[in-house]
Amino acid sequence: MEGNQLKKRISVASKREPADTVIKNGKIIDVFNGEIIEGDIAIVDGYFAGIGEYEGNRVVDAKGRFISPAFIDGHVHIESSMVTPNEFAKVLLPHGVTTIIADPHEIANVLGADGIQYMLDSSENLPFDFFFMLPSCVPATEFENSGATLNAVDLKPFYQQPRVLGLAEVMNFPAVLQAEHDMLEKILIAKQYGKKIDGHAAGLSSNDLNVYLAAGIRTDHESTTAMEAKERLSRGMYLMIREGTVAKDLQQLIPIVNERNARRCLFVTDDKHLDDLIHDGSIDHNVRLAVASGLSSITAIQMATINAAECFGLEDKGAIAPGYKADFFLFDDLEKINITTVYKDGMAVVENGSLVIESQNHTLVETERLRNSVRYHELTENHFHIPLKTNKANIIEIIPNSLVTRHIIEKVNTSDSGIFQTSIIDDQLKLAVIERHHMKNQIGLGIVKGLGLKSGAIATTIAHDSHNLIIAGTTDFDMVVAAKAIKDIQGGLVVVNHGEVIASLELSIAGLMSDRPYQEVYASLNEINLALQKLGANDHFNPFLTISFLSLPVIPELKLTDKGLFQVSKFEHIDIDA
């Protein structure tokens, strides 16, 4: 801050000088005392200068509405929205979210350091605050092929960036447990720069948590039960309560939150599709759901604001108080949280629920692979054949709206030559993960249950964490057609039925994001959803986001990588034959 700005803020706070803007007649959410207070709010140069009685060059009448600090998403992957940071900001601002802590893990697994730089550059100079945690596990494990490898030395230069807050979710627990050299270097460098370290404690035992905390990891967003949540809080972790598109953990975890521990809890979305962000909202949805589940509105707002800010050391965010950023919104109902007006840096960016600014970042880091990231050899039906020695197989069973899968063993149909045959009746479909970064001709095959397709195939290059091509289908022919279609559009989502592409969404930026306006992407997603109905897909969960996590080898129980079927509990590949 320049001396003149500080001098002016002090002058406004002391009432020697009028504020730029004064908000009058509002009910202010005091996140420190957990109560509602009244008074004029003085704003100067994008900061709050005081609460009390103030005069300003511009006066805004809040007309008795509530005034809350703007919301903060404590952990999110922008790439899961399938739009660029500029478009992402446009979607979130009407929902009262003005700050996110993003993990560019997805694009980093495709493009490495170039992917991180792209996210930093494309999120600059926008009326929205993008902070980043550096991907800690690229690749996530050694059991898959990713587009890049990021070692400690590759990450170190990014800590010079003021918007980089620390090291993102440490998913490779075995590397921490064994004190592997590069993982230790990543943790030590983050500590040397005074940065935060996020955790990913899926399925970890009490003693595993001891190891995590001893290493300096301080957050976790993978709790799925109240018992897990309490355990993490008792170990000194910040509890990130997640409500995304697939992982919906909030209602299971909210009962653990009380007046004694609430200030160690915050909200995150992690992975949320664009259509869900538009329909339900972002962190505002978490707050509404928490209130509907019995949590007090003020506590829920604390979790969405000051708690998240304090967790990440954002000292001037998360509250309506002198010296804090003037990021806030007005709303009418404490339970519905129906946001009407949003301010960023003291300026109205949303009025009557609609954007009143046109934000645009024209920075684009064009690398050779940014728009040419989908690479694999031509595929035939033979590539999808699964030979079996018996009529029993290890199968991935989907748990609706969960990242966790079940490992089941079932009888399956085979041809006379012992080739697995899909079964619509038994809901046993074929799953394939195809390496798409370096032409390695690596294909992992498996069987999935619970997807419910009655015909056709679906394919996407959004396949956590290495983002290879993943295809689920009822016939080898439709899977071949889907693979070709994905390559033609250089990444995205494709729905195929009887050899015809009936819907697609092009994601030309690293095979993860579209360069189109969010409204156009949303329209394409609606076409995708209609096409899924024609395939008879299960409508109780999002099929595409669900299959995108079936290749994630750090979440129990059974997953599929381009190297084959993977049993998470043993941390090793297994045969399809049971």
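**Exercises: fold and aromatic pairs**

The protein chain has 17 helices and 32 strands (DSSP runs: H or I of at least four residues, E of at least two, numbered from the N terminus). This is a predicted model, where local features need pLDDT of at least 70, side-chain atom pairs count only at pLDDT 80 or more, and totals for chains, interfaces and linings use all residues. Residues are numbered from 1 along each chain as its sequence is written, and side-chain values use heavy atoms, without hydrogens and water.

**Exercise 1.** Compare the radius of gyration of the protein chain with that of a compact globule.

*Solution.* Take the rule over C-alpha atoms: 2.2 Å times the number of residues to the power 0.38.

**Exercise 2.** Classify the ring pair Phe-71 and Phe-329.

*Solution.* Rings of Phe, Tyr and Trp (its six-membered ring) pair with centres within 6.5 Å; planes under 30 degrees apart are stacked, over 60 edge-to-face, the rest tilted. The count comes to twelve aromatic pairs. For Phe-71 and Phe-329, the centres are 4.8 Å apart and the planes at 70 degrees: edge-to-face. Phe-71 lies in strand β8 and Phe-329 in strand β16, 258 residues apart. Both Phe-71 and Phe-329 are buried (under 20% relative accessible area; exposed is over 50%, partly exposed in between; 1.4 Å probe, protein chains only).
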